[in-house]
Amino acid sequence: MAKTTRTPLQESNPNTAGNHVHNPKKRSLDLLELEQSNRQKQRTLRTIEGAIAHAPNALLKTVQGGTANTFNANATVAKSYVPVATTTSNSASVSTVSPIINNGGEHGIIGGNGSPAITSAKAQTQRLSNKELIDWQNNWRKIMKRDTFIYFDCSEVANDNRKDVLRRAFFTLGAKVKQFFDHEVTIVITSRKISNYSQLTDTDILQRAHKQGYMKIWTLEKAARFLTNMDVDLKEMERDSINGKTVPASNLLNLLESEKLFGSNERDPKAKRDDLHYFKHPHVYLYDLAQINAPLITLEWKAQDINANKKKNVYPTIRPGSFGRCPFQGDDATDELQPRRIIKRYKRDKANESYALKLRLLYQTSAEPATLSSSVQENGGSEDQFPSFYDHSSNQPIILPFQNVYNNSGMQYNKLVSSMSRFKQPKLPRGDTFDDDELPYGNGGGAIGGAASYKAKFQQEIRASGVQSVDANSNGSAAVGNGLEPATASNLNKDLRSLKKMVIERKSLLNVTSASNTAGSTGQSKTQNNDAVASVAGHPNCTTSVKKQHLPSLTPQRLHQPIGKQTAGYCENCKVKYDSLEAHVNTERHIAFARKDEHFEGVDSMIQCVQQFRDINRV
Amino acid sequence: MDDIPAEIIQEMDDLYDRVPQLSSRYKLLDKIGEGTFSSVYKAQDLSKVSSKLYPDHFWDKNDKYVAIKRIYVTSSPNRIENELKLLELLSNSNNVAPLCDAIRYHDQVVVVLPWYPHEEFRHFYRDMPIKGIKKYMFELLSALKYVHSFGIIHRDVKPTNFLYNPMLGRGVLVDFGLAEENEELYLPDLNYRVYTNDQGEKVCSCSSPYAHNKNTSHLPLISIQNGQLNVRGTNELSAAQSENSMKAELSKGYPKHETRRQRRANRAGTRGFRAPEVLMKCSFQTQKIDIWSVGVILLSFISRRFPIFQSMDDVDAFLEICCIFGIKPMQEVAKFHGLGLDMTKIPGFHSEGYPGGLQGFVKMLLEKEVDHGTLPEYSIAFETLDYLTQYDKQLTPSLGPEDEEDTEDKIRMYKQAVWDDHFWCFDLLSKCFELNAYKRPSANDLLEHLWFKELNEDLLDRDQRREDHFTGVVE
């Protein structure tokens with residue numbers, strides 16, 4: 001407590017110095033008595049208060065900005081109007097707050113400027129006796145210690161430690177800070193400036209506090225003024241706050257947070273805590289060893305849930321599958337042993353054979369691709385424009401004799417044919433459609449013409465995401481929308497997580513089915529033209545040189561859908577989510593952003609660099 | 001132009017409208033790609049300036065096209081500037097697409113790059129022979145070596161962003177939209193990212209208490225014991241003890257109402273290609289995250305599966321990695337990043353990793369294909385499977401063919417080469433998948449790997465020839 005006494009105060013008030021600290025006289029003052037004695041002076045005092053009403057602003061700026069130098073001067077000022085504070089504060093009504101502010105307005109000319117306020121306030125100080133000040137302080141000290149519960153109605157703002165400073169300060173006076181607003185609260189400290197409470201909604205905390213009647217509502221400035229009058233060294237509080245220093249025996253908030261996290265130490269350390277969730281079932285828990293950050297993964301499953309979902313796992317496990325599929329996805333519903341699929345696969349593999357053999361020849365003896373003979377080129381069906389040299393020795397690739405005979409698509413096909421030939425010739429599936437899983441792997445993928453192939457190509461791609469997580473990081477699910485959107489909270493609960501996943505799964509499923517539907521109509525042309533498939537695959541330009549077919553069979557609504565154009569997404573510039581890109585781009589806000597060249601200064605300077613380089617090389 | 005779908009033509013017309021300067025320099029031909037942040041069009045370079053700037057990048061000397069990347073207007077100018085800056089900076093390598101031109105009109109920015117006649121990954125990953133895989137990886141790692149040397153992390157290494165032409169054996173890295181430049185990453189020695197903790201263990205700097213916000217770091221140090229306040233400093237020993245017991249409690253369960261903040265880190269990238277340290281939100285990520293992605297691509301090749309990881313979200317991605325590499329190694333690396341990992345009673349997870357390691361995993365995947373007969377008769381994957389069924393019988397690979405003149409026994413030599421290449425390939429694969437980023441080799445280290453011996457020798461030969469040529473001129 002000794003720390004709260006400041007040297008400047010001791011100098012200006014030698015009589016009072018140290019007295020209040022130990023509270024030697026311990027006079028029990030009746031609040032009313034004090035108020036009465038002060039009422040006579042009220043007019044004068046109000047004037048004083050008006051004069052200095054603005055000074056606390058400067059004071060609070062000090063608290064914010066950390067320029068500690070002005071603190072002492074302001075403290076002297078603040079001191080002068082202490083009795084006023086007594087009057088108003090002890091009248092136990094919020095209404096007194098407004099007159100003060102109003103008075104401040106009246107005398108704004110003086111108060112608006114820091115130094116005149118100080119001078120005039122100093123002049124007034126003379127009229128107040130030290131005794132009165134001490135009485136006032138002692139009185140408040142008692143109130144603070146005994147029955148003061150403070151609630152902060154301030155949102156936490158980065159780089160604003162005012163709340164923290166005040167909290168520390170009030171704690172040194174012995175006041176208790178309430179985490180939540182309830183009837184016990186006696187003082188509400190707010191960052192808002194409200195003159196008319198009737199404008200507030202009934203659920204607003206200030207309105208509720210106002211209605212309670214007995215609660216005081218102080219602005220941050222008022223609280224700072226009060227604390228200075230109580231000779232609390234806000235400067236030091238601020239220093240502590242900035243350094244993140246804990247004030248021993250004083251930082252209730254830290255205690256509360258510690259206790260919330262670790263539990264009370266009075267409890268039996270072996271006893272389980274009610275506020276923790278303990279794992280009972282199979283679980284995954286990835287947590288911060290230092291327990292500073294929230295856990296990264298908290299997952300738990302009941303054994304029966306795991307068993308009930310044998311087919312579709314609740315968590316990823318290896319489900320190998322076949323046909324190039326993701327080892328964690330498995331073949332799922334697709335039975336690769338279906339005759340239909342065996343035949344299709346065999347045809348596909350046949351069509352792709354020359355391309356595969358060409359690759360073998362290219363990389364048979366060296367990791368640098370060999371230059372191939374023209375006959376091989378022809379074999380691959382490619383009209384390669386790249387120079388090639390005839391090489392007699394490399395017409396057929398080496399195929400090693402293997403240890404085992406490995407089952408393959410050809411064998412499957414022959415088996416099928418021989419088993420079926422007893423009855424009838426195997427029929428090729430009608431229309432020979434392509435379904436989902438052929439698109440990502442098939443060499444023929446590029447040969448499917450038109451919109452369907454575009455759609456398939458662009459949508460199969462797994463896209464980047466997680467861009468925003470530098471600020472708002474998450475365990476959140478894969479990208480939905482355009483990937484720019486800030487990720488949502490991590491540690492999603494299990495249901496929410498699986499819901500989100502379902503959305504993605506359904507989304508991709510929809511894409512795939514729509515792609516395969518449209519692909520179906522084009523499939524015919526593709527399969528009829530097996531040579532084309534091979535030539536496409538063998539062609540270095542294949543991704544784009546493919547001749548695309550027109551698709552009259554496409555349904556009109558699919559044509560109207562802009563291909564792959566993401567409609568919903570997040571705009572980094574306007575910081576909003578949108579449902580339609582088209583609509584968003586035409587909003588006033590976005591256009592206003594787009595038209596401002598200042599936003600693009602960095603981009604323009606880079607473009608200028610490139611243009612200069614181009615100009616040099618133009619000649 | 002007749003065979004381009006109407007919507008694409010409409011899109012291209014829209015782009016002409018949005019960027020009026022475009023039509024005088026380029027003629028849009030087709031749409032060739034679409035990503036999260038951009039669409040890409042193939043175009044003709046009307047002024048021929050772009051193709052003159054970087055002649056080596058126009059692979060096809062007869063058809064010099066450009067690729068026009070339309071960056072979506074929802075991207076922030078800072079992000080666009082970053083991409084342009086990096087492209088400019090990285091324009092001196094054969095393995096990175098250089099910036100040929102850039103135009104802005106209002107919020108629409110287009111970037112012009114060379115157009116590369118490449119092949120899509122999914123068209124060749126099932127059929128690429130081992131030496132072809134080697135060349136692909138060599139090109140990719142060369143690109144990354146160059147990029148990493150500038151202190152840049154690409155962050156989005158995946159087949160779509162590496163345009164490769166198997167016929168030419170050439171590849172270029174594209175899309176620096178997510179790339180991250182960091183002065184600290186310039187340093188060849190990234191040791192500062194590791195420090196030795198109280199227990200004398202080397203741990204990642206992200207687990208250092210100094211990496212966290214000062215204001216919260218004191219939190220666990222205060223406690224109330226028997227109504228008495230306990231602060232480290234006043235009663236250090238008991239405070240530390242109670243702190244430890246409190247932490248032990250929190251390792252068994254989590255608060256029902258979480259008040260602590262989330263661990264934060266950049267996790268931009270593509271699902272399925274994110275390194276463990278990205279998933280663990282390490283705040284000291286390095287170029288090594290790209291090396292992990294290289295490993296994912298190599299695993300796709302050798303196991304003939306794409307994609308390898310499904311990773312619907314980061315949690316799934318984490319568990320998928322656990323499936324292959326095991327709980328214990330993951331616990332170790334979690335600890336390295338200051339995290340505890342508890343995975344108990346979960347069926348399907350091996351504590352030491354998939355039996356037989358990566359080889360066992362690949363073998364199992366190929367065997368499943370054989371079970372279903374989903375590989376073609378001519379599949380090159382049988383070479384890998386054959387290698388894996390007998391690789392434990394031979395312990396060391398040969399260091400290249402001993403008798404180069406022996407053309408008679410071509411098959412024997414070929415077989416030997418297949419064996420050697422597979423051996424070194426799996427060795428390289430396991431190095432890319434080093435869970436601990438600190439121990440994971442750099443692109444530069446990997447290029448020196450024995451698997452790439454023949455390619456490095458080729459490079460030496462070429463340099464030698466060039467040198468001879470020059471000395472010849474001098475004489």
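Helices, meaning DSSP runs of H or I with at least four residues, and strands, meaning DSSP runs of E with at least two, are numbered from the N terminus. With that convention, the place of Phe323(A) can be stated: this residue sits in the loop between helix 17 (303–308) and helix 18 (339–362) of chain A.

Good morning. The structure is a predicted model, in which local features need pLDDT of at least 70 and side-chain atom pairs count only at pLDDT 80 or more, while totals for chains, interfaces and linings use all residues. Residues are numbered from 1 along each chain as its sequence is written, chains are lettered from A and ligands numbered from 1 in the order in which they are written, and side-chain values use heavy atoms, with hydrogens and water left out.

Let me begin with backbone angles. Most residues other than glycine have a negative phi, and most peptide bonds are trans. Phe323(A), however, has a positive phi near 55°. Is Phe323(A) buried or exposed? Its relative accessibility is 2%, so Phe323(A) counts as buried; the term buried means under 20% relative accessible area, exposed means over 50%, and partly exposed lies in between, using a 1.4 Å probe and protein chains only.

Lys48(B) also has a positive phi, near 65°. Lys48(B) lies in the loop between strand 2 (38–45) and helix 3 (49–53) of chain B, and with a relative accessible area of 51% it is exposed.

Next, chain B as a whole. It has 17 helices and 16 strands, and 62% of its 475 residues count as buried.

Helix 10 of chain B covers residues 288–303, which are 16 in number. It reaches 23 Å from its first C-alpha to its last, close to the 22 Å expected; the expected span is 1.5 Å times one less than the number of residues. Of its 16 residues, 16 are buried. Just after this helix, Arg304(B) takes a positive phi of about 55°. The loop between helix 10 and helix 11 of chain B also holds Pro307(B), and a cis peptide bond with omega of about 0° joins Phe306(B) to Pro307(B).

I now turn to a pair of helices. The axes of helix 14 (residues 381–390) and helix 15 (residues 410–432) of chain B come within 10 Å and cross at roughly 75°. Axes are lines fitted to C-alpha atoms, for helices over the stretch in contact, and angles run from 0 to 180 degrees between N-to-C directions. Helix 14 of chain B is therefore roughly perpendicular to helix 15 of chain B, a term for angles of 65 to 115 degrees; under 35 counts as roughly parallel, over 145 as roughly antiparallel, and the rest as oblique. Contact means heavy atoms within 4.5 Å. Among the residues making this contact are Tyr387(B) of helix 14 and Trp419(B) of helix 15.

Finally, which strands form the open sheet, and in what order? The 3 strands run in the order 7(A)-6(A)-16(B), with antiparallel pairing; two strands pair if DSSP finds at least two bridges between them. Strand 7 (297–300) of chain A and strand 16 (339–344) of chain B are the edge strands, each pairing on one side only. The twist averages 15° from one strand to the next. Strand 6 (residues 283–288) and strand 7 of chain A pair over 4 bridges, and Tyr285(A) has Thr298(A) as its bridge partner. Thank you.
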